[in-house]
Amino acid sequence: MASEIAAERNITPHEALLGLVRTATGRAAYIDTIITERLREHVADGGDPLKPPDELTTWLRQSREERKLAATTAKQAVDAGVMVALERRLDMEGELVASALAAALDSLDLDHEQRVKALGAAQQHLLGAGELPAAG
């Protein structure tokens with residue numbers, strides 16, 4: 001299946017498998033959102049949260065199926081070496097960023113103390129990736 005998708009989209013089978021995992025997990029998350037909303041409405045209308053309405057049975061079954069599909073595809077991806085390839089790519093991207101940062105610092109002709117301070121700031125930013133700096 002991954003080979004067919006790979007050929008259609010001109011990507012590697014590893015990329016196709018990873019895409020299939022992402023699609024299945026995305027679908028499961030979407031279905032879970034529907035289930036949550038419907039259950040919330042059910043409870044708001046006085047329904048028992050431990051006895052979901054019959055209409056949710058299909059959604060619950062579909063959620064389980066999507067999760068099984070995601071798990072199976074993820075296992076196939078791991079078996080096919082996708083995670084190793086992804087880790088290798090992330091390592092290469094990290095090395096590229098580090099090399100670019102070093103080149104930028106070299107071009108500024110900083111003294112040792114300034115360079116250490118700049119590298120420390122970059123490290124702190126990377127360690128807190130996604131966090132906003134504290135207001136000062």
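**Helices and selected residues of a predicted model**

User: In which helix is Thr-73 found?
Analyst: Residues are numbered from 1 along each chain as its sequence is written, and side-chain values use heavy atoms, with hydrogens and water left out. Helices are DSSP runs (H or I, at least four residues; strands are E, at least two), numbered from the N terminus. The run covering residues 56-79, which holds Thr-73, is helix α3.

User: Is Thr-73 buried or exposed?
Analyst: Buried means under 20% relative accessible area, exposed over 50%, and partly exposed in between (1.4 Å probe, protein chains only). Because its relative accessibility is 6%, Thr-73 counts as buried.

User: Which residues does Thr-73 touch, not counting those up to four places away in sequence?
Analyst: Contact means heavy atoms within 4.5 Å. On that basis, the residues touched by Thr-73 are Leu-17, Leu-20 and Val-21.

User: How many residues does α2 have, and what is its reach from first C-alpha to last?
Analyst: α2 (residues 13-44) has the highest confidence in the protein, at a mean of 88, and its buried residues include Leu-17 and Val-21. The expected span of a helix is 1.5 Å times one less than its number of residues. For α2 this gives 46 Å, and the model comes close to that value, with 32 residues and a reach of 46 Å.

User: Which helix has the lowest confidence?
Analyst: The mean pLDDT of the protein is 83, and 87% of its residues reach 70 or more. The lowest confidence, a mean of 65, belongs to the helix of residues 2-9, namely α1.

User: What separation do the C-alpha atoms of Leu-101 and Ala-122 have?
Analyst: Leu-101 lies in helix α4 (residues 82-107) and is partly exposed, with a relative accessible area of 32%. Leaving aside neighbours within four places in sequence, Leu-101 is in contact with Leu-119 and Ala-122. Although Leu-101 and Ala-122 are 21 residues apart along the chain, their C-alpha atoms are separated by 8.9 Å.

User: What is the phi of Asp-109?
Analyst: Asp-109 sits in the loop between α4 and α5 (112-127), and it is exposed because its relative accessible area is 68%. Most residues other than glycine have a negative phi. Asp-109 is not a glycine, yet its phi is positive, at about 55 degrees.

Methods: Predicted model: local features only at pLDDT ≥ 70, side-chain atom pairs only at ≥ 80, totals over all residues. pLDDT = per-residue confidence, 0-100.
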